[in-house]
Amino acid sequence: MVPDRGIFVVADGMGGHAAGEVASEMAVQLISHELGSLRGLSDDQVADRMRHAIRTANAAIFQRTLKEHDKRGMGTTVTALVLFNGRFLIGQVGDSRGYLMRSGQLTQITKDHSYVQEQVDAGYLTPEQARTHPYSNVITRCVGANSDVSPDVYGGTVKTGDVFLLASDGLTGMLEDYQLGEILAADRMPQEQVDELIASANRHGGLDNITAILVRVDSLDPAPEEPSHRTEPTIKRPRAG
């Protein structure tokens, strides 16, 4: 989390505990560095910056798998949120997820890059069947597995009171969306809600590493009357847990 720059990233590593930890740490560090400052950038420029940052992380991780024998096969999911100029943008690779809680309604913004999601899209599985399918943890796209990767990018307008949830499948695989929504609907601080999300996922089995970031938008700065060459970020004091 880099709140002063409006950058929040969840990365869930794979390829064995040690290698997965390396891949996820590399992804978080490289993406946050490559995103840099987003002040004054347009939506398209931020989207290009996001794609470039994720692809840069992908190339670095892939090169390391070629050079270090014990790192072969490592990779990581990435769900990266940026808040800028009253807008949000999420870069997505893998099956970690980004959600938006707005006016009491929880919406999944991202789409999983997974075998079961492809089967759901093709009409072969229902979302309910996909949750319990034996291949539910098989992903079809990740950062570091190949020489290049194509991230999906999602964006929209930010409103006061919005709550963004970024989470690994260790959370979303244990709790259904309605359960996530019930916890996020409670009038509590983001850190308390994160603690409850993790505790609830553990009570429901806790079969995988659980990572969650919550970002609540308490207020928005008014848009400047005359935009200057460099503008201050519109998002003000995001509280994260």
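Q: Which residues are linked with Arg64 in a network of salt bridges?

A: Side chains of opposite charge can pair when their charged atoms come close. A salt bridge here is a side-chain nitrogen of Lys or Arg within 4 Å of a carboxyl oxygen of Asp or Glu. In this structure, Glu68, Asp70 and Lys71 join Arg64 in such a network. The model is predicted, with local features needing pLDDT of at least 70 and side-chain atom pairs counting only at pLDDT 80 or more, while totals for chains, interfaces and linings use all residues. Residues are numbered from 1 along each chain as its sequence is written, and side-chain values use heavy atoms, leaving out hydrogens and water.

Q: How many salt bridges does the structure hold?

A: The structure holds twelve. One of them pairs Asp43 with Arg87, whose closest N and O atoms are 2.8 Å apart.

Q: Which parts of the chain does the pair of Asp43 and Arg87 link?

A: Helices (H or I, at least four residues) and strands (E, at least two) are DSSP runs, numbered from the N terminus. Asp43 lies in helix H2 (residues 43-67) and Arg87 in strand E5 (residues 87-93), so the pair links distant parts of the chain, 44 residues apart.

Q: Is Arg203, the partner of Glu196 in a salt bridge, buried or exposed?

A: Buried means under 20% relative accessible area, exposed over 50%, and partly exposed in between (1.4 Å probe, protein chains only). Arg203 has a relative accessible area of 56%, so Arg203 is exposed. Glu196, at 23%, is partly exposed. Their N to O distance is 2.9 Å.
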